[in-house]
Amino acid sequence: MTDWIGETFTSDAGWNHLLDLVDVGDRMAGSAGEREALELTRDAFAAAGARNAAVEEFEIQGWERGDSAVREAATDEPVAVGLNACIALPRSPSAEVTGEFVDLGHGVPADFEADLEGKVVMVSSDTPDAVDRFIHRREKYYRAVDAGAAAFVFANHVEGTLPPTGSVGTAEAPVGAIPAVGVSKEAGARLARRREGDDLTVAVDCETPTATSGNAVAELGPDTDEHLLVSSHVDAHDIAEGAMDNGAGTATIVEVARALAAREGELDVRVRFAAFGAEEVGLVGSSVAAEAADREAVRAVVNVDSNVFGRTLRLDHHDFDALAAAADRVSDRFDHPIATGSELVPHSDHWPFVKRGIPGYMVSGETEGRGRGWGHTHADTLDKLESRNLREQAILLTELVVELAEADASVPRRDTDEIAAALEAEGKATGMKLTGDWPF
């Protein structure tokens, strides 16, 4: 019964789908490119042997990029202009504002206690080791908003990886309150060295039309009410190919679908696949799916996001003991390393389910250092990924799904009060309340 391993390790299904996705170009949520990618993924599920492949549509607040710049107010001289230096953050409002420039360094909570009314503030994409939790971009943005800042500048902390992107806005107010741009580490260092106290203008030009996104879905296994959900997200920021984030994850679940189709007789519960749209602008597709789901019918979620860049598979299991044990069993069975983590990760498509107490993994690749590396920049391109990693990880994930789909597999849920308490204990609650992401 091990033929499927050799077939997966020599299969081109997942890698070819990754090639198709990166060749689409712009897969921004609500764009024609995202729609093409959803349809390609629907068709790839069907070709892999899954049934009922479809695209389920929903409306979103769209966002279309125009120009952006940081300029000297007095002379209108460009300070950070062009795709290699400055890009608007998605869901930034279209606006042009001027204020005194202030470099807040890492942008930890204490940094925002200064007088920032009407100022242009810059923060790093990094969080220092001395701080016991990761400070997300959106928390830094809304701390700037609450402090009365006129504009927000988000500086990459990694040299040579270009200006970073990442959305602002909330579910209730999808377009942010103040203009926001990302700048490269080099542009940020130049601003900090030469422009502290100067009046700078931050300009963002964009459009915010109503748009249509969707989720590409399919299924395998018996037609049971209880099911496993294997997911990824199809959309990517419009500045790059989105090879790692998250063409890789979507290509991986296509490969898992192909392998599971060959093992369908081993599945005791239905396996539902969902390649979500509009993840990068607030987990919209997965939130639509989670709100429609019967909490008791979803046995577990296996969500794959940004996995192939690192060779070692990482499974954040959110302290669901049964998920941790299943990961260990697969690792032992294959004598293959799998990194695990127990803390809550509220930043990908598993989260709308996990926050309801539904067991879920965040599946990624183990990498060194903090941050996304090339992710969320123009350099998130195919040349940085290896087909070997995709195939190895698909083998491990296929075995994991079969393990979880056994008739006698028990994956207890967690009470939502317990999830809330864990967020408080891990120091994540304060930032989530500030950004409007607190679910309780």
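Colleague: What should I know before reading the model?

Modeller: The model is predicted: local features need pLDDT of at least 70, side-chain atom pairs count only at pLDDT 80 or more, and totals for chains, interfaces and linings use all residues. Residues are numbered from 1 along each chain as its sequence is written, and side-chain values use heavy atoms, with hydrogens and water left out.

Colleague: How many residues does helix 8 have, and what does it reach?

Modeller: Helices (H or I, at least four residues) and strands (E, at least two) are DSSP runs, numbered from the N terminus. The expected span is 1.5 Å times one less than the number of residues. Helix 8, residues 321–334, has 14 residues and reaches 20 Å from first C-alpha to last, close to the expected 20 Å. Asp335 follows helix 8, with a positive phi near 50 degrees.

Colleague: Which residues of helix 8 are buried?

Modeller: Buried means under 20% relative accessible area, exposed over 50%, partly exposed in between (1.4 Å probe, protein chains only). Among the buried ones are Ala322, Leu323 and Val330. The buried residues of helix 8 pack against elements including strand 13 (298–304) and helix 10 (387–404).

Colleague: Which residues does Ala13 touch?

Modeller: Contact means heavy atoms within 4.5 Å. Ala13, in helix 2 (residues 13–24), touches Val254, Glu255 and Arg258, not counting residues up to four places away in sequence. Ala13 and Arg258 are 245 residues apart along the chain, yet their C-alpha atoms are separated by 7.6 Å.

Colleague: Why is Ala13 called partly exposed?

Modeller: Because its relative accessible area is 30%.
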